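Here are my notes on the model, point by point. Please read them with the structure open.

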Amino acid sequence: MARITLEHIRHAYGPNPQSPYDYALREVNHEWNDGGAYALLGPSGCGKTTLLNIISGLVKPSEGRILFNGQDVTDFSTEERNIAQVFQFPVVYDTMTVYDNLAFPLRNRGIAYEQVDRRVNEILGMLDLTSRAQKKARGLTADLKQKISLGRGLVRSDVNAILFDEPLTVIDPQMKWVLRSQLKSLHRQSAVTMVYVTHDQTEALTFADKVVVMYQGEIVQIDSPAELFENPKHTFVGYFIGSPGMNVFPVTVDGSKARVGGMEIELGYAPAIGQAKKVELGIRPEFMQLSRTGMPLSIRKVEDIGRLKIVRADFAGQPVSIVVKEEAEIPSEPYVQFRDQGVHIYADSWRVGREA
Ligand code: ATP
């Protein structure tokens, strides 16, 4: 098990990178706790796989160092780093039985028969593969084969870290739910450092203690799911996490007041916007409250999504979404109030606190 230190890592696939845009990873400088469950979350092309491959040793970073428990492993091969990996598509030995596929990484390391048997049966049980233990992998469906791959990744308990690259892509939706929570409980039992790449926020939020949100080759926030929801540090985090995402619109700030289209919002503090070119207010749909007093808005449509309704509206000329309970009454002359703790000010996309 390892604490992973990423020291000023930058990576460009092409030669002679000049501008920040030439880098697939622009600057990553973080320390990840030993035994943590991290999810790398972000849209396609933001650098998740590049970062994972740098941790595994499949890619050597153009700049910077990577350390496991303080030891520089930048020049180590994947094998020397002692990690397990699970990829998007199954990697199994077709001619072996399900049992032998799982036992193989343990037998390879000379582990005693009883210990191998105990561990393999434990993992088979967890993945609901016990009844297929003696079947050859060859004839199995893609999602069963992927479960074997997961098992092969999880079976060793002496690894520094287990890395998952979108491992549930080929698993059917029903089974995804089950496997996600099983991975989470396995992490709790084993305390192995796990890093999990996904572009699916539900997957990231259910699996990880800490979600690493990436955007355009940078880590924009590493936090617990609750923090990402309540305190998005970057407008991208607000927009990407949550459904619908955070409402973000341009404002002018004067002392402790934010103004938009003739409306004035009292912030309760003077935000430190400095010389920012772009100043925005962010508020999640859950923190806007429809009411009979406050600031007027016009409703365009109401979408019923089960226990909740999403109200699509125009506020001061800006499109906004508001989440209300299914049974909530929609006023015929609607007004809106902002709940204070949900209002954030962003200067050039980054959240700012009060003026010092
Ligand atoms: P996805 O979810 O689509 O896999 P990602 O977030 O994992 O995306 P990466 O695969 O790390 O992103 O890609 C980051 C950037 O680096 C992208 O612009 C991609 O086109 C580029 N890239 C990735 N691999 C290579 C490569 N082998 N050679 C050149 N460019 C690459």
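1. A polar contact here is a pair of N or O atoms within 3.5 Å; within protein, one must be able to donate a hydrogen and the other to accept it, and residues adjacent in sequence count only if both atoms are side-chain atoms. The model is predicted: local features need pLDDT of at least 70, side-chain atom pairs count only at pLDDT 80 or more, and totals for chains, interfaces and linings use all residues. Residues are numbered from 1 along each chain as its sequence is written, and side-chain values use heavy atoms, with hydrogens and water left out.

2. Start with the ligand. The side chain of S44 places an N or O atom 2.5 Å from a ligand oxygen. For T50, a polar side-chain atom is 2.5 Å from an oxygen atom of the ligand. For T49, the corresponding distance to a ligand oxygen is 2.7 Å. Taken alone, the ligand exposes 630 Å², and the protein buries 52% of that (Shrake-Rupley method, 1.4 Å probe; for residues, only the protein chains shown count as cover).

3. Which residues are around the ligand? They are Y13, A24, P43, S44, G45, C46, G47, K48, T49 and T50; a residue qualifies if one of its heavy atoms lies within 4 Å. This shell divides into 4 nonpolar, 5 polar and 1 charged. In this scheme Ala, Val, Leu, Ile, Met, Phe, Trp, Tyr, Cys and Pro are nonpolar, Asp, Glu, Lys and Arg are charged, and the others, Gly among them, are polar.

4. Helix α3 spans residues 98–107 and is mostly covered, with 7 of its 10 residues buried. Buried means under 20% relative accessible area, exposed over 50%, and partly exposed in between (1.4 Å probe, protein chains only). Helices (H or I, at least four residues) and strands (E, at least two) are DSSP runs, numbered from the N terminus. The buried residues of α3 are V98, Y99, N101, L102, A103, P105 and L106. Their cover includes α4 (113–126) and α5 (142–154).

5. R107 and D100 join their side chains in a salt bridge, 3.1 Å from N to O. The term means a side-chain nitrogen of Lys or Arg within 4 Å of a carboxyl oxygen of Asp or Glu. R107 is partly exposed at 43% relative accessible area. D100 is partly exposed too, at 26%.

6. By this rule the model has 20 salt bridges. One of them pairs K145 with D94, with the closest N and O atoms 3.3 Å apart. It links distant parts of the chain: K145 sits in α5, D94 in the loop between β6 (83–86) and α3, 51 residues apart. K145 counts as buried because its relative accessibility is 17%. D94, at 32%, counts as partly exposed.

7. K233 and D223 also form a salt bridge, at 3.9 Å from N to O. K233 lies in the loop between α8 (225–230) and α9 (235–240) and D223 in strand β10 (residues 218–223), so the pair ties together parts 10 residues apart in sequence. K233 is partly exposed at 39%, whereas D223 is buried at 14%. Elsewhere, salt bridges that share partners join E7, R65 and D72 into one network.

8. Last, N82. Its place is in the loop between α2 (78–81) and β6. Is N82 buried or exposed? At 18% relative accessibility, N82 counts as buried. Leaving aside neighbours within four places in sequence, N82 is in contact with R109, R156, D158, V159, N160 and A161. Contact means heavy atoms within 4.5 Å.
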